[in-house]
Every structure is written in C-alpha cells, then in structure tokens.
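Student: I have a model open on my screen, and I would like to learn how to read its features step by step. Could we begin with the way the parts of one chain sit against each other?

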There are 2 protein chains.
Amino acid sequence: MPRFSNLYELLLTFIFIMNNPLKGIAQSSTPDKIYGFTEAHAATELRLEHEFDQQLQPSDLDSWMKRLAARPHHLGSAYDHQNALFLDSLFRAWGYQTRIDTYYVLFPKPKSRILEMTAPTHFRATLEEKSLPQDPYTQQIQEALPPYNAYSIDGDVTGQLVYANYGLPDDYEMLARYGIDVKGKIVIVRYGHSWRGIKPKVAAEHGAIGCIIYSDPADDGYFQGDTYPTGPFKNPWGVQRGSVIDMPIYSGDPLTPNVAATKNAPRLSLNEVKIFTQIPVLPISYHDAQPLLEALKGPVAPPSWRGALPITYHLGAGPATIHLQLSFSWDIVPCYDVVAMLPGKAYPDQWIIRGNHYDAWVHGAADPISGQVALLAEAKALAALHQQGWQPQRTIVFCAWDGEEQGLLGSTEWVEDHLKELQQKAIVYLNSDGNGRGYLGVGGSHTLEKFFNQVALSVIDPETDTNVVARLRARIISQEGTQASSLDGDQYIHISALGSGSDYSPFLQHAGIASLNVGYGGENEGGEYHTLYDTYLDYIQFKDSSFSYGITLSKTMGRCILRLANCDLLPFDFTHFTQTVKHYVTQLQQLEKHERDTATTVNKWLEQKIYALATDPQLRMALPSPKKAVPYLNFAPLLNALSELDTLANLYASRTNDISHLSPEQLRKLNQLLPQSEQQLLDPAGLPHRPWYKHTIYAPGLYTGYGVKTLPGAREAIEQGNWPEAQQQIIQESDAIKRLVKLLNTLNKI
Amino acid sequence: MPRFSNLYELLLTFIFIMNNPLKGIAQSSTPDKIYGFTEAHAATELRLEHEFDQQLQPSDLDSWMKRLAARPHHLGSAYDHQNALFLDSLFRAWGYQTRIDTYYVLFPKPKSRILEMTAPTHFRATLEEKSLPQDPYTQQIQEALPPYNAYSIDGDVTGQLVYANYGLPDDYEMLARYGIDVKGKIVIVRYGHSWRGIKPKVAAEHGAIGCIIYSDPADDGYFQGDTYPTGPFKNPWGVQRGSVIDMPIYSGDPLTPNVAATKNAPRLSLNEVKIFTQIPVLPISYHDAQPLLEALKGPVAPPSWRGALPITYHLGAGPATIHLQLSFSWDIVPCYDVVAMLPGKAYPDQWIIRGNHYDAWVHGAADPISGQVALLAEAKALAALHQQGWQPQRTIVFCAWDGEEQGLLGSTEWVEDHLKELQQKAIVYLNSDGNGRGYLGVGGSHTLEKFFNQVALSVIDPETDTNVVARLRARIISQEGTQASSLDGDQYIHISALGSGSDYSPFLQHAGIASLNVGYGGENEGGEYHTLYDTYLDYIQFKDSSFSYGITLSKTMGRCILRLANCDLLPFDFTHFTQTVKHYVTQLQQLEKHERDTATTVNKWLEQKIYALATDPQLRMALPSPKKAVPYLNFAPLLNALSELDTLANLYASRTNDISHLSPEQLRKLNQLLPQSEQQLLDPAGLPHRPWYKHTIYAPGLYTGYGVKTLPGAREAIEQGNWPEAQQQIIQESDAIKRLVKLLNTLNKI
C-alpha cells in the first residue's frame, strides 16, 4: 500500500497544507544552524550528511529492485521468504545486528472465483490479467496471486445489479432519492474516493448481498493517458488487488488483535473475527465491468457518477443479474520482519526506527520496492560512515516489513510484540512506501514539522536544482492561484496528518510514537497499483527511470536519521503542533455549524417545496428526509487546554532556540522526556467503537479508510450526528492535551 | 436556432439572474393590479386573459406541428415555401391582414464534401446520418440538407490534425504552452462553449487551414443518457448542422448589410464579403470523429479537454493527416416572411410584434416548430377574442420568419427593410424559438423586467401547479445552495441579457426596439438540435408530449401581447434597468481588476520560477508570456450618468405607480415617448469593428457568438487589452445613458 493511493489524495494533502497557515517559522533555518545541535556539532553533522550523500549510488537501487521485484513475492510466497533472507544478508554484510522476527498470520487465498451475468444475456467475467509480450515479468502469472480482495468472506450469491458510484454513504443516499434500495442486490462500485475496504462495508450496511469493485477508465485507465505497455495507465485487463479488512477497527493479524501473532498466541476463531467483510467482494477490470454496466437499465446515473466507458451509465436495479461465487483457503502463513540495528553510543536505548515494507501483491516494483531500495541505500551509506569510524549517539533500527498489503500485518504484530519496549525506547518512526518522480509528500506528527522542514530545505530536487520544499511550495502556489501569494516570505510547508495505508499506523496511532511518512511523487502517475503490471520494466520506463528520486528519498530520510541519531537535543517542537490542533478545532466548529445550517436548509426547503419544484417530476425523485435539529457543542475544554499548551509551547521554544546554555544534564533529562510527548495524546480507552486506535489527534476514518480524521473521536461523532458522543470525545481530547500540558510544564522546569 | 443551444447556456442565465439581486419589486404584484392599467381596465384585462386561455388547444399545436414538420423544410426548399403559404392561409382564415414579404438571400448548399484521413491509416468519413426504422421521418433523407456548415468557404486542404478542445482563444494559448502551433494544420474541435461560428474564426486567426467540428459524447451523446431512438440524446451518427457566418459582425443576408435584400438591392460580390469563414469547415458525428482522434499522438490532452470517447485524447499534431475538400453552390434563394396584422383601435401606429421563425435545418420539430405552433395558438386565440368583439388598443403584428437558421436572414432583412417605420411604431418585439418541458427561460430588455415578472407570476406551471416564476426560483435556489435563501421574501426573478441566436437580435441590437425572448426548457434535453432526428416523433416522445408547455408558452406570450396591446400606460420601468446596468459596471470594474491582478501574478510567478518548478519538466511546457501592465480606467462618466438615471427612474416609478391621477393626455404623451427609450441606448456609430450592432448595453460576443456581452464596447476592449478603446467606449456608453436621462427628464415633466 502506498502513501497516496492516487493523485486525489495527494491533492488533499496539498489543500490541507494550504489551509493551515503557520507563521514565523522561517527565521531559524539558516543552513549552518540545525535544530537540536550545538554550533560545533552542527558543522560536524553537515560534513557527515555530505559524506552520506556521496555513498548513494543509483545503480545500487536499480540492481536491488531488479533482484527484489524479479518474481511475484506476496506474503507467504517462496520468493517473499527469499527476499527476507536476501535483505537480512545485506544488512548483516554491512555490519548491522540483524534478526528476522517471524509471526504467523491469517492470509486467505482464492480457491474459486466465479462472476457471471445470468440475465439479460449471459457473460462470464475473465477475472484474469493478460500477460504482455513486451513485459516478460507479466508472464510469471502462475506464481502470482490472481486478482481478489483479501478477507472477503466466502460466498455464493445471485441478485440484481445496482451501480452505486464509489460506494460511499452519500452514494446510497442518492440511490434512495432515485427510489433504489440495494437490499438483496449486488452492487457494482468503482475504485476511488475511499479506501477499498469501506466499499463492501457500506454496501453490507445497506443490505447488499455482494459487492463488485472495478476500476473505471475515468479514474484509472485510458481517460488519463496511454495504457500499459504503451503508457503507464491501466489497460483494460488490469485489476487492483487489495485487502478489504475493516482496518479502521484494528490493523494487523485479524486473529490476534492487541497481541503478537506468535506461534502459540491465543487466537480468535474465524467466526469471532468482526473485521472480515460481511458480504463477498471481488475486484474486476474495466474490460469485465463494461458488459455488466451496459446491461443495467433504470434511471440514468447523475453526471458525477458517470465514468469513461463508452456507455450510458444507468443505476439499475437490473435487469442485469449477477452470480458471484467466492471461496478462499483460510491459511496461517509465516510473516517475516527483517530487523537490523546499529547501536547508539550515548543513548543506546533511544531508537530511531526506519521502516518500509518489502512484500508486494505481485512484483511490486513501485509498491513497495521503490521505497525499500531507498531504505537499503540509506542503510548501506550509514554502514559506510560507521566503517569510517562514525557511531550514532542513538541506536538506529532498520525494519523491512512483511505482510503490509494484507493490513500492516508485519509492522502491527511487531509493534504489539514490543509495545512496552517501543514506548520506552522509540524516539521517532520514519516510514516510506512506494516512491517516484515528482514532488515531496510528507505527513506525520506535527511536533516534527519544524524539524522536517529544515531537513527538506537542505535536499535538492534532482529535476530543478532547487530544494524540495521550494519546489513543493511552487506547486502549491500554482494550484492555489494568486491567493497562495499570501505565503510569500515564508519558506516552509505544512505536513499533512496521517490516516492509514502504510506501516506508520501501529507506531503512531496504537503505540503513540511520533512518526513521519515521506515519499516523492506526482509525476509518476500510472495504473500499475496492485496489478500484474507493477514490474521493474514499468518502473524504469514510467516512474523514476534514473532512480534520482530514490536517491532523493534516501537523502531526505538519511538526514532525518542522522540528525535524530546525533542531535544534542531531540528536535521536538510544540508550537506548530498547537497551531495545527487549534486549526482542527476550528474545522470541527465549522463542521458543527455546517451540519446545523444543512439541517436548517433541508427542513426549510422541504417546507417551501423547493426540492419538489426544482426537480423534473418525471424522474420521480424522493424528497430528502427531514433533518433533526443540531445542538450546540461546548468546545471550551479543548480551547482552554490548547490555550495553556500555546503558552507552554512558546516558552519551551524560546528556552531551546539556543541550546548552548543548556547543561549536559538538562539535555539528558529533556531527551529522556521528549519522546514521551506523543504518548500523552493517546487515550487509554481508545477511540469509540475501535479501542485499538488510541491517538486522540490522528486516525484513519471509519468511512474513509486511509483518509485521515483529525480529532477523530469528536469529528466522526459530529459527522454521524451522535452529539452526546461528540461532547464526550471533546473532553477526551482536551484531557489528552492537558497531559501534554503537564509534560511541557515538567520540561520547562528542567 | 434556439434560445439556448444547450443546458450550459441555460445555466449561465440562471447564474446571471442570481448575481443581479434587485430588491423591492414585489410589493406591487397583487393579482388584481396590473402595471399600466387602471383598476377598472385591469379587471377587464384579467377576464380577457382568462378567456384567451380557454381558447388554447393542445390538439391544435399537435396537428400544426405534424403539418409543419412533416418534411424537411430549410430555406429555399419546396416544403419551406408550402409552409409559408400554409401559415399565411391560417392567419388569413382567422381574420388577420396578411402578407408575405419576400427577400432574396445568399444560401450556399454543398456540392461536394470529402473528409478523409490519409495517414497513418486511411479512413473516409461517412458524413451521413442514418435513417432509423423506428422513425419514418428520418427516411426522408433525399429531401434533407446533408450535414454541413453554411457559409464555410470552398476549399481543398490537406494537413496534419491538431485537437483544439472547444476551439476558443484560451485553447490555443494552452496548445502554445504544449509547443503546438496550428499554422498550416487542420484543427478538430468539439461543439460547445461558444457559438459554432467562433470556432473556424479563431482557428483561422491562429493559422489553421481547415476546421472540423464534432459533437463529443461527453457534451452531446451517450454520456448524457440513452441515444435516439432509445432516448433523446445524440446517437453516433447525428451531426449538428449550422451557420458559421461571422454573425457578431452583422446578421442577415451576407450580401446586403444594412439594406433589405430586395430583388434589385445593391449587393456585395462574394469576394467583398468579410463574414464568410476564412477556412473550410465541416461538422461531423462522433462516429466519424473517433478514428481521427484515435490516430493522434503527441501530448495527452489536459483533463478538461478530454471527452467521453473510449480513447486517450492526444493533442497531435499528427501523425493523423487529413484531406478536407468542400465546395458549395452559392445561390440566391427566396426568403418568405409571413406577416399578419390585427389593427389597434386607439393607437394603430403602435405595434406589438410577436415573432418566431418557421424554417428549419431538417424537420425542425423542436427548432423552431415547437415555438411556431405556440405563436399560432396565440394568434388563433386572439382572433377568437376579436371575433367576440374585442379589439386591441394597439396593433398586433405576428411574424413567421424564414431563413433564421442561416443567420437571422428573414428577420434581419425585414428589420432593415422597415427600419424607420419600426423605430417609429414598434413598442416591443416578443420572440420565441424552440420550446419544451421545464422551467421558464427569459431574456430581454431590463426596462421590461418588472412587466414580465408580473406576467409570469400569473402563469401556472403545468407540472407543479405553482406559477412559473416560483418554480424557476425554486430551481435557482436548489442550484445555488443555501446562499439563495437571500432571495426569501422576494418573489421575482431577474431576466438575462440577450446576445444572439434568434430573431430578436436585429430588433434589439440594430433597431433599438425593446425585446423579450421567452421559452420553456431544461427537462427536454436531447441531441436532436439541427440533426435529421429533430422530428415530430422525437418531440412527442421526449420534449413536450402533451404540448402542455407549448400551451404555457402561449399563455405567457398571450398575456404579454394582451397587456402591451391594451394597457393605459406602457409598462416600461427604468429602476430595474438602472440597477442592472450598475451591476454590469461593477462587473467591468472587477474585470479590469482581474486583468491587472492576473498580469501582476503571471509576471511575479515568471520571476519566481513558479511555473517552471510546478510543472513536470518531461512535459517540456513553454512558460506563459509576460503580461503588459494594466492601466486604470476612468469609470466616473458612466457612474455619474447612472447616478442621474437612478434618481429619475425612481421619480418616474413613483409618478406612475398609480396611474389613476394621470390624465388621458398625459398618458398619450407618455405612451408616445416611452417606446423611444431603448433607442436612446443605440450608439449611431455602432460598436467598434462592427457598426451594424448599435446597442451599447447588449450585444453578442465577438468571441462567444450567441453568448451576450453587456456594455460590449468597453467589456470586449478590456478583455482584449485595448485600453484606449475601453476608455473611449466607456464614454460612448455613458453618452447613451445620458440620452436616456434626457428622455426621462422629459417624461417626468409630462
């Protein structure tokens, strides 16, 4: 799974960045001054970083990718295990202390897959991707997993078909206005606008008995550009595989929530698991989808629902009738996490953890090998510095995760396995995943925003010879129009909040470890994601031919690791965090107002017959339901806590702006307490309806999946109109802020 | 030509309506009080209108449409002449004084049409629409004009193909950024977003040697809904015919600008005419367009340029190479305007003119017969009232125009023929064209806005049993969201300004006769416009099956005619007009600011390398050109004139709000002068570069065609960066307002 499943999400990141203007952060970023370093140490650090850069070789990335993506290597496959051993051998050869932590996880694979239309004509879907003579990798189809969605239940269902757009809650509201009920029907929905696991979940909540997910060429295919192998976009046979487990409830092995999936761990039985889909679900190509969609009648789909197939999109239900039969092996397979350590000199029990998964759905050249090879280059370069005599002040831990694609299995089991140790030792978790040509993308803990900006300002974009922050700022300005000129004089960018979709999630949201997720992209669009076509040949033609952005990722992450490992004072900052959370509270207040205004308007329009008069009577549209009145929430506890935090964060910032006056003892004490800051934000009770997620500020959305919800407890309660829960969650969130206030009080007294 | 060539333009109307909030106009619209009538006369008038309504029979409209649209009847065809004689006989039978005014106009018809792709593969376009067994009318293909664009020049050109989106000036700017020059090339553009005649004009200005226009299914085809005959939308063979003469320069017979095309009129020679296209142009179906577009390579078209064909849209140039050969007969044909008069009792020399064209591109059931049959129903009903003893105070003139489709030939020649008489006698020109199921659409002189609203408030929508204004307001509110609640308490709608596209243009913009253009639509979408498929069967299946909106149009126009013909005081109002023009001035000021801000931003971004940094270097996009600085214009003359007008308009309104205190002599004098008001707004010198158009407030856009430009002289000069001309036109426009001020001064002294 990549950071951004598509350009849309990347754009959302940018938009968030722009909506969160923080000021006055530019002045300290002179090139020869580094947050958390004394002047003398900063000079050494910069020389070290220069030396680090010299070690990075694009040819290394190229040959590692060729090796790791040579064959299909999904979780549990032979080549996946070979890759684990290969990675382990590399780290060991470079001088790391390595080990492979093995877990035993549930991973269903298809035994049978049938999708056929039984009326008005017969059609049997191929459910296969085509091998291409131009790309020999695509001929290794015997070793590859066929297209399917992992953790769909077994099922054998027949029903009329309904087209439900992206399959989001709003889409079913629209269907209801057209008088269409999906109860007892099979829905066909298109990929996009949510994480895929949300689609069967929402379909089942509305009574559908089966769910088909396809890639419409409007979102992912010829509409975007030439298709593979001519261009990078999805050809008619490409199918996006992927997990559909209800990951917003918990990630990791479905049978062992909260505990590591060791050989003898207590396990849920299959029927105790609540996070499988409720209905069978299967992904298909647009080649297979077109005959089904074309056979639908009923109302014409509203304009925004129409895709790029050369048909009139109808909603159904029927007359297309679908038979869907799926069965899976429900096997337990080994999951190999490769862990490599370089011990720290001064603080061996402070760990800087750098991870990227290595398992793929098929060959996974882009996802995840492009990120994995950057990680390897960092490890090799650090090892070279180490051989030249350098030793980090803190311990550096490289992790190559297995089983990410199924639901962050490797990373989650490892975090659950080592939870206490990590909460004591881990300083920061640094994640990457797929990587390619283009713009910097970054999300993470806002206590690291200041730190990360200074890092990125020193990294040069290989295409434009400016730094990667300036390039991203130019992109944002060009997309935001003249308004973005309000950023003039400010050289920073704001990092986005993290939802889910890669291995940072258990670290940040379960364990409370400050995290960053970094990658480059935006000029590497394509349709290879989770298909047979994500191969080395696709990658070097269309993603990052010269691996120059792989090197850029290594430079970015290498600086993060080196600075965090070497610094005199850990570079946490609480001013950006406070401003960011204040901004989230403003969003919640706006959301509450929006809900109230919407309810008022809908009810007024119903009363004034606006809907009835403004709609073609021949469409026989149902009226929207009247809305309940929206009460006023009390945001004061949260605002008061943030007000206190603001004062203390500024005090801490001014005390640590120049660290030369701090004694070694003060630094040691600060360094001991600072990593605890993120954990203060965890609610021990966890989020409502999903206690595994404990972070009060960042979580994946219950109905967006990867997409983040900030202040998730209150926000989702507001979105769902659960006002008592919203009020209660505001209290939980303000309690979390108060815990951070308390920690800062302590820090400021050191 | 219909009022709205598509829903997009209809929407623009609504948007304008919403952007022009005028207040305080509701209070006088009590049902028993009518503007311009004494209370006693109002009661009589309402009884008369009730009686009028009783006369209207849907079965009449149905049988007249069947008769008029039975065979293809384009200008110069045998059936066109038969229709003229039939219309004349109807009016005569009902008791009107009728005549047929005949003009002799230039009308080229195709002799040969060849469009073939010569590379990379060979393909010859069919250039034919298919007859359908389900619709016998479509089998009369021998009598029909084949698909072509009238007033394309003859030509025989071969060149590489370039895709230029909608063919607007901005599209060529975008092509330039991709490094694509259309010089010596043939462009293919899609219908929509401008009047079709603009497309070859702009293509030629950029050096193209030929122009192909096609209907993309995204705009006009299966993307919208089921295609004919299953549904109303454009099938793969449908081609939109239409004139491509440079009508924004002048309308009417190209050989006789400013004078009537009588038999012996002085005529330009063909090579003296400046308003033919500069390059050959041909419209084609999407069936014929797909192979051409599919054969293009070069950059992938930007997202908003992509249509709904199942291909990746590329820009070219080439490798597709096109041979286009066109030749036309350049014949002079007769053009028959049918004119029917019912003389007025008190003011026989004050004419209320009601017109609709009757010529079509093929059968023209919707365009124009659906409007023509409503006009006939009005004439028949008035005749019945007349037979019962009623006689109008003023003369009513019905006009059935010929040759509208070629460029408003019939109406323009008639206006030019009778210019002086019309400027003395015509009170208002009331136009309609195609009509169908849905919402009220209205444009016209804002001196009639108050009058028209009161009329429409008394017309009941047949689908919802509310009045047509309330229904339109509901539609606007539902489309504008909650913001539209600002209209609460106000029951009026604002009428849009008129550009061109139907026969009001010569009346309003050349002769200065206050005009209204009215029609219903928005629930009658389809792709039949100017194709073989605009038949009676299409109309009764998909447009207005029961002719209930034909009847509604008759009721609306009937009230307009009756009130204007019978009123004690002509219901011109100047308060709405003043507020509307003030709003236009604000738009101009915003436009000037926008141009200045854009220039500043573009230049700053160039300097800061924003464009270069924000774009994928592999796309090799050219930078935008630096912009010249934008000077400040002096709007004071216009604002001062409007300020004076405001005072006088309010004074006039308060004097005439209750007309009972006005003497017959005062009323007579006012009635004599009021119709002159619109002519005060004419600039005798005409608009820059197109002196035939004389109205300083309303004109078709030089680069939009049908689309209106208000305060056109200044607006288009600003758009084109011609600042001296903009300043000079502000003076011309303020002079026009001052002439109206002078007239109002006179009126207020009566």
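Predicted model: local features only at pLDDT ≥ 70, side-chain atom pairs only at ≥ 80, totals over all residues.

Student: Which residues make up the contact between domain 2 and domain 3, and how many come from each?

Tutor: Domain 2 of chain A supplies 16 residues and domain 3 of chain A supplies 14 residues. On the domain 2 side, helix H5 (residues 169-177) of chain A gives the most, with three residues, and by class that side holds 11 nonpolar, four polar and one charged residues.

Student: Now for the two chains: how are the copies related?

Tutor: The general idea is that two copies of a chain are related by a rotation about an axis and a shift along it. Here, chain A is superposed on chain B by a rotation of 180° with 0.0 Å of shift along its axis, at an RMSD of 0.0 Å. The two copies are therefore related as by a two-fold rotation axis.

Student: And through which surface do the copies meet?

Tutor: In the contact, 32 residues of chain A touch 32 residues of chain B, where contact means that the C-beta atoms, placed from the backbone, lie within 7 Å. On the chain A side, the elements giving two or more residues are helix H12 (468-480), helix H16 (575-607) and helix H17 (610-613) of chain A, and H12(A) gives the most, with six residues. By class, this side has 16 nonpolar, seven polar and nine charged residues. Because 100% of the interface residues of chain A are also interface residues in chain B, the copies meet through the same surface.

Student: Lastly, how do I read a pair of helices, such as H2(B) and H16(B), and at what angle do their axes cross?

Tutor: One looks at the approach of the axes, then the crossing, then the residues. The axes of helix H2 (residues 39-55) and helix H16 (residues 548-566) of chain B come within 10 Å and cross at roughly 145°, and the crossing of H2(B) and H16(B) is right-handed. Among the residues making the contact are Glu45(B), Leu48(B) and Phe52(B) of H2(B), and Lys555(B), Arg559(B) and Leu562(B) of H16(B). The contact residues divide into three nonpolar, two polar and six charged.

Technical notes
Residues numbered from 1 in each chain as written. Chains lettered and ligands numbered in written order. Contact = placed C-beta atoms within 7 Å. Helix = DSSP H or I, 4+ residues; strand = E, 2+ residues; numbered from the N terminus. Nonpolar A, V, L, I, M, F, W, Y, C, P; charged D, E, K, R; others polar. Least-squares fit on C-alpha atoms with pLDDT ≥ 70 in both. Axes fitted to C-alpha atoms, helices over the stretch in contact; angles between N-to-C directions. Left-handed = near helix turned anticlockwise from the far one by under 90°.
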